[in-house]
Amino acid sequence: MESLNPEVFSFKNITKTFASVLANHEVSFSVAEGTIHGVVGENGAGKSTIMKILYGMFEPDSGTIHFQGKPRSIPDPQTAISLGIGMVHQHFMLVPTLTVWENIILGKEPSKWLLDKASILKQLKSLKTKFGFQVDLEAKIESLSVGHQQQVEILKLLYRKANILILDEPTAVLSPQEVESLFEKLKLLKKAHKTIVIITHKLKEILSFTDSVTVMRQGKAIETLPTSSLTEDSLAEKIIGRKRIPLNFEKSGFEPEPVLKVASLSLSEAHNSILRHISFEINRGEIVGIAGIEGNGQHELIEVLAGVEKNYSGTVILNQENIKELSAYDLKQKGFSLIPPDRHLEGVILPFSLAENAILGHHRDPQIKSGPFLSSTKITQLASQLIQSFDIRPGEPSQSIAGLSGGNQQKLVVARETAREVSFLLAAHPTRGIDIGAIDFIHQYFLKLKAQGTAMLLISSELEEILKLSDRILVLYRGEIVAQVLKNEATEKDLGLWMTGGSKK
Amino acid sequence: MKPHFFKKYFAGPLIAVLISACLTTALLICLGENPSILWEAFTSTFFNGFGLGYTLYYTTPLIFTGLSVALCFHAGLFNIGAEGQLHLGAAGIIALSLFFPGLPWYFSIPLGVIASMLTGGLWGLIAGFLKAKRGSHEVIVTILLNFIGITFVNYLILYPFKNTQVQNPETLEIGQSYFLSPLSDFTAYLGSELFRTTPVNVTLFLSLFAALICYLFLFHTARGYEIRALGQNPSAARFNGISASTNTLLVFTLAGALSGLVGINEVMGFQHKLIEGFSPQYGFTGIAVALMARNHPLGVILAALLFGSIHNGAREIEFLSEKITKEISIVMEAILIIIIAGQGYFSSLVYRLFKRDCHD
């Protein structure tokens with residue numbers, strides 16, 4: 001079907017190294033005109049690199065790019081833009097204090113001197129209606145939602161007459177509804193014979209929206225094939241290069257016995273109420289998921305539960321003990337564990353070694369001391385145990401943790417936080433930005449903890465993850481729990497609606 | 001010693017010293033001075049007993065202030081206040097001796113050490129308190145506390161503690177039992193002339209001991225771990241129950257106490273009184289020492305030795321030359337600091353220069 005379309009560009013044996021890291025190795029694939037093409041792979045598989053080569057941000061060490069059938073060198077983004085290639089980066093490149101139309105024309109003003117605002121607006125409006133964009137051209141960027149900011153980025157490309165649009169992880173920050181609307185627009189663009197390349201690691205989006213897919217693994221383009229020939233499992237296997245281990249849901253036959261009781265928890269900062277009357281309980285062996293778009297009070301809820309924010313009203317009872325009197329360190333000694341939301345910000349200390357990171361939060365434990373001093377032998381021993389049981393690589397305890405991949409760093413965090421008896425585990429975005437292999441490992445491990453009786457609160461922006469693991473799901477919107485559903489009653493559509501403030505059924 | 005160990009810890013500082021030496025040579029030539037005096041001056045700071053004695057005498061306070069600054073750096077804090085803290089520490093010893101002049105040595109000496117640490121530490125604690133509890137920026141606070149502290153100590157020297165028998169702005173002498181032996185006493189006992197007539201005294205050993213304690217504290221205790229964790233990643237520290245305010249208070253108090261120990265070297269070790277302007281900016285040079293040592297307590301010893309020898313060498317240059325005064329040391333130290341502070345930039349320059357050789 002799609003093979004009828006002529007090829008618009010292709011890579012031939014592209015190799016690119018950074019310092020000593022091989023980012024792309026002999027990558028060859030082609031993309032047909034007027035299609036939505038997915039480039040999929042784990043973090044570090046080289047998918048962003050290859051597309052940045054097309055956009056002229058990197059020069060390949062060897063290999064050629066063929067553009068409309070002819071070999072073509074693209075030394076810089078200016079050349080790429082003149083060829084009609086545009087890219088929306090993962091982090092938007094917009095000026096927050098300028099309006100939408102100002103951002104769109106920025107760098108490509110129709111005239112150097114006076115701006116004819118009326119004619120610009122007219123031109124932009126026709127673009128808007130043609131592709132179904134709803135964004136207000138006169139609004140300031142800072143007042144827009146992330147979804148609308150993304151629309152501005154795409155409009156920017158269309159204004160520059162781009163025919164090939166590269167989107168790097170476009171859905172990472174979007175709610176399910178916004179994802180839907182994004183792909184509707186992309187379909188309209190496709191109808192107008194534009195070619196769209198999406199870089200992503202989300203299997204579902206690839207399967208439901210693309211025409212063809214290139215799978216990348218360890219810098220190589222493994223295969224390019226039509227999406228219709230794939231299933232979620234077969235695609236995942238191609239990405240990780242081996243069979244996937246199915247999750248093993250063990251029955252946990254625990255009497256409902258609350259481990260954590262949150263009653264009427266409220267928190268305000270500078271007269272803004274951040275959390276409003278939040279109440280819930282978590283039982284032994286139960287996983288409760290909190291769905292919600294980031295910035296709706298998740299961070300503050302984590303801070304309260306972790307014992308670092310004390311200016312709240314209401315009560316939080318952990319194992320029959322009010323946590324208000326307990327410091328963050330005390331809490332950790334009483335069976336509370338935290339997988340913090342941001343690995344680099346809160347989870348690990350990057351300049352520290354693996355061994356030093358392995359004792360964070362339990363560094364006053366007499367078990368790792370000899371006399372008044374920390375015993376480096378005992379610490380190394382402890383770290384080696386964690387490294388072994390979680391298969392962390394490279395597993396040299398004295399090595400700096402900065403040299404590990406995100407997945408391995410996260411494994412160390414999970415290993416550290418669950419090395420002791422855990423009665424309540426607060427896992428915030430436990431698998432953000434890590435590869436499928438590590439995700440599967442961590443999910444499986446969570447289920448094992450659950451079977452042992454750990455109560456768990458799972459906060460994640462990935463609905464898929466929440467739906468997969470939770471027994472019960474709470475939806476947090478503007479600091480309030482707006483909905484509560486059991487696992488088997490929950491649908492992605494309803495959750496998405498609640499997450500964005502839609503009314504309850 | 002493994003080669004990469006050398007490369008990691010010593011190559012950078014060594015290159016910095018070489019560049020600094022070249023630039024100073026160029027400067028001397030520009031000023032119409034024979035640059036060979038530079039070599040002459042600096043060999044004399046190490047290779048004769050007299051020169052070495054003075055070098056070590058200057059090294060001692062720089063170890064204390066270097067440690068003081070380095071300790072704060074580990075907690076992510078800038079201690080610009082070592083100068084004020086060391087003034088307070090020295091004044092503390094004078095006050096103690098004026099109140100208890102006749103204590104036997106086994107009381108006076110430990111109490112002297114404690115007094116200097118207490119008064120210096122208190123001055124540090126004020127900065128720590130303002131930072132931890134009020135959120136004031138420690139750089140501003142410590143700079144301002146320097147003004148207050150130094151002026152206050154000068155007031156003590158000029159009024160309550162003044163030796164009215166002399167014209168000079170200096171205090172009364174401390175009691176005999178507070179005197180610390182110069183190292184020349186020991187070498188003379190062994191029949192050697194090493195360190196003869198130089199002021200280097202047993203405080204040197206105290207400073208080396210302090211460096212060792214700091215090293216053990218920072219890298220081998222749970223509290224030291226907390227301090228380093230706080231300095232490297234405050235949010236991770238917070239989520240793991242490491243209190244920023246407790247540790248800030250502690251670190252500033254300890255830093256003040258370390259700076260205060262400078263008073264031991266000056267007052268109990270050599271002058272036996274406090275003279276206005278006794279510190280040739282040991283507190284500020286301590287920042288450079290810590291920077292050069294990359295905040296490693298044992299590295300501080302070596303860096304302090306370097307800056308001590310520059311300081312001594314500059315005095316020697318003044319003696320040898322008619323044109324150059326000892327302030328040349330400030331120029332040399334400044335060049336060193338610029339090179340060390342810009343090391344990231346310089347090493348990328350060097351990398352680019354030799355890029356082709358580095359490929360394999």
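Predicted model: local features only at pLDDT ≥ 70, side-chain atom pairs only at ≥ 80, totals over all residues.
Residues are numbered from 1 along each chain as its sequence is written, and chains are lettered from A and ligands numbered from 1 in the order in which they are written.

Chain A is divided into domain 1, covering residues 2–240, and domain 2, covering residues 258–499, with bounds that come from an automatic or database domain assignment. Taken over C-alpha atoms, the centres of these two domains of chain A are separated by 34 Å. Where they meet, 10 residues of domain 1 of chain A are in contact with 13 residues of domain 2 of chain A, contact meaning that the C-beta atoms of two residues, placed from the backbone, lie within 7 Å. On the side of domain 1 of chain A that touches domain 2 of chain A, at least two residues each come from α6 (176–191) and α8 (232–240) of chain A, and α8(A) gives the most, with three residues. Helices (H or I, at least four residues) and strands (E, at least two) are DSSP runs, numbered from the N terminus.

Five of the five residues of strand β3 (residues 36–40) of chain A are buried, so β3(A) is largely enclosed by the rest of the structure. A residue is buried if 20 or more other C-beta atoms lie within 10 Å of its own, exposed if 12 or fewer, and partly exposed in between, with C-beta atoms placed from the backbone. In a regular strand the side chains alternate between the two faces of the sheet. In β3(A), Ile36(A), Gly38(A) and Val40(A) point one way, and His37(A) and Val39(A) point the other way. Strand β3(A) pairs in the parallel sense with strand β8 (residues 195–200) of chain A over five bridges, and with strand β9 (residues 212–217) of chain A over four bridges; strands pair if DSSP finds at least two bridges between them. The bridge partner of His37(A) in β8(A) is Val197(A), whereas Val40(A) stands opposite Val215(A) in β9(A).

Another buried strand is β16 (residues 336–339) of chain A, from which Phe336(A) and Leu338(A) point one way and Ser337(A) and Ile339(A) the other way. Four bridges join β16(A) to strand β19 (residues 424–428) of chain A, the two running parallel, and Ser337(A) has Leu425(A) as its bridge partner. Six of the eight residues of helix α9 (residues 298–305) of chain A are buried, so α9(A) is largely enclosed by the rest of the structure.

The largest nonpolar core has 180 residues, and Leu426(A) and Val289(B) are among those that touch the most other members. Such a core is a set of buried Ala, Val, Leu, Ile, Met, Phe, Trp, Tyr and Cys residues joined through C-beta atoms within 7 Å. Helix α3 (residues 49–74) of chain B gives the most to this core, with 14 residues. Leaving out residues up to four places away in sequence, Leu426(A) touches Ile302(A), Leu305(A), Ala306(A), Leu338(A) and Leu457(A). A second, separate core of 60 residues includes Ile53(A) and Val213(A).

Finally, the contact between the chains takes 15 residues from chain B and 22 residues from chain A. On the side of chain B that touches chain A, the largest share, five residues, comes from α9(B).
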